[in-house]
Amino acid sequence: MVALGFVLGLLLPLMPRARTSADVGFRFASYIDDHMVLQKEPAGAVIWGYGISGATVTVTLCQDQETIMKKVTQVKAHSDRWMVVLDPLKPGGPYEVMAQQTLGGMNLTLRVHDVLFGDVWLCSGQSNMQMTVSQIFNATSELSNTAAYQSVRILSVSLVQAEQELEDLAGVDLPWSKPTSENLGHGNFEYMSAVCWLFGRYLYDTLQYPIGLISSSWSGTPIEAWSSGRSLEACGVPKQGSILSHSVGGPSEHSVLWNAMIHPLHNMTLKGVIWYQGESNVNFNRDLYNCTFPALIEDWRQTFHSGSQGQTDRLFPFGFVQLSSSLSGANSDGGFPQIRWHQTADVGHVPNLRMPNTFMAVAMDLCDRSSPFGSIHPRDKQTVAYRLHLGARAVAYGEKMLTFEGPLPKRIELLAHKGLLHLLYSQQILVQRQDDKIFEISCCRDHHCKWLPAPMNTFSAQTLALNVSSCEGALVALRYAWTTWPCEYKQCPLYHPRSTLPAPPFTAFIAHQMRGDRGKAAE
């Protein structure tokens, strides 16, 4: 542990302001602790804390009693904070970080031990991100599989709200730790995220160097709670009012979780972020999600880049999980499919122009009818994390020739004389089964349009024909998997043949191309 540390109450109802150094004296930021992972090269890791105004602080990095580097700074008078940026280091360790404050003849020294350098990922969202390893399939086996992953370190942020942006965390539920069955399976929806842990574990299997994972999530929370006031204003989100939606069970006030659980981390140098949220916006500001989600990504990127003195990449990789399924309203075409579409900024795939350097795990085929936590909380988090890590390998790490997204049509052609709609895909397709209802066409006649099933007909390695003879009017649009519950577990009709990644849901006007300009959404 840090030699001169502090402890705050872990669960605070609403923090009005950040603590100042007058409260806490000389210390590291609350998340700088033994066993932590700092971001490796090419970025420089940021070390910061609080001290006495005007004092000199010397930060020393040591390994095996040898000084690797020293950085000297002063405590700023207006904020009582100090900060240094370390020179970029290769992955590895362990190191010791020492900070010494000097003022007049008085010296104070802080130390943290067993520090590794690797990649640091922040994991955030609501309950599907908050679910722990003890809640998922094969929990006993997963909890016992930690010995080979002692270089994957984990930290969990306390559940705290704040009215204003805090500069440091008000509490940490789980300080930086090596993984154990106890801290990975502490309970339901507390401590460490299963998706976060499994994502980091898959990355470690590929990269073979340290991975730092920070879990900061809260169940039942809408995106507005995780967004800054700036980004909400940019999207025209209405001023705070009462929320009647049953899907919002956690804090919903604007920015309260951004203020207390994300902004305090913004000085940290990150590799990237993964995000699993959206269920609480199915019936709350749903139509704004195609703005609020891209705006959140942009605002987080800008804030972390600035807070880390430019060390966190301005367009750091941002991965997310497209919503899975829920039995509630399973026969409707309402909120779930629209949120899935809005998660891509109404494009259907990522990365795209509005969401550069992003990656997505499709999860609509990972449904779980018998989940003891409700069908909205499917227990197969292994496949979710695996699909996320494929996206990270391609987008964040630049791995070439890696399939990380399922097939989408690049051309749609109406063969009216045959009563067929011909789809040409950009990738090979595996037709796992033929489905008469999962494709739908918008058929318009006498100024009235309705959605009709378009049964799957013939197919080849990259093409699929749909029977559209039921439309006696103008065929205007096509959509795929546009329901809350599109298929049973891993039984959607279309997948990529080698990666087994499902074709994502989409909606498009027939007159537009799916790849290239990609068209606009057909509501």
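This is a predicted model: local features need pLDDT of at least 70, side-chain atom pairs count only at pLDDT 80 or more; totals for chains, interfaces and linings use all residues.
Let's start with Cys443 and Cys471. They form a disulfide, with their sulfur atoms 2.1 Å apart. A disulfide here is a pair of cysteine sulfur atoms within 2.5 Å.

Residues are numbered from 1 along each chain as its sequence is written, and side-chain values use heavy atoms, with hydrogens and water left out.

Back to our pair. The torsion about the S-S bond of Cys443 and Cys471 is about 90°, so this disulfide is right-handed. What does it tie together? Cys443 lies in strand β18 (residues 439-445), and Cys471 lies in the loop between β21 (463-467) and β22 (474-480), so the pair ties together parts that are 28 residues apart in sequence. Helices (H or I, at least four residues) and strands (E, at least two) are DSSP runs, numbered from the N terminus.

Are Cys443 and Cys471 buried or exposed? Both are buried. Buried means under 20% relative accessible area, exposed means over 50%, and partly exposed is in between, using a 1.4 Å probe and protein chains only.

Next, Cys444 and Cys449. Their sulfur atoms are 1.9 Å apart, and they form a disulfide. It has 110° about the S-S bond and is right-handed. Cys444 is buried, at 15% relative accessibility. Cys449 is partly exposed, at 43%.

Now Cys123 and Cys196. A disulfide joins them, S to S 2.1 Å. This link is right-handed too, with 65° about the S-S bond. Cys123 sits in strand β8 (residues 106-125) and Cys196 in helix α5 (residues 194-207), so the pair ties together parts 73 residues apart in sequence. Cys123 is buried at 0%. Cys196 is buried at 0% as well.

How many disulfides are there in the whole structure? A search finds 5. Counting bonded cysteines along the chain, the pattern is 1-2, 3-4, 5-8, 6-7, 9-10. Cys367 is in no disulfide; the nearest cysteine sulfur, that of Cys487, is 5.9 Å away. Cys367 is buried, at 5%.

Last, the core. The largest nonpolar core has 151 residues. Such a core is a set of buried Ala, Val, Leu, Ile, Met, Phe, Trp, Tyr and Cys residues joined through side-chain atoms within 4.5 Å. Among the residues with the most contacts inside it are Trp275, Phe439 and Leu494. Leaving aside neighbours within four places in sequence, Leu494 is in contact (heavy atoms within 4.5 Å) with residues including Tyr425, Phe439 and Tyr480.
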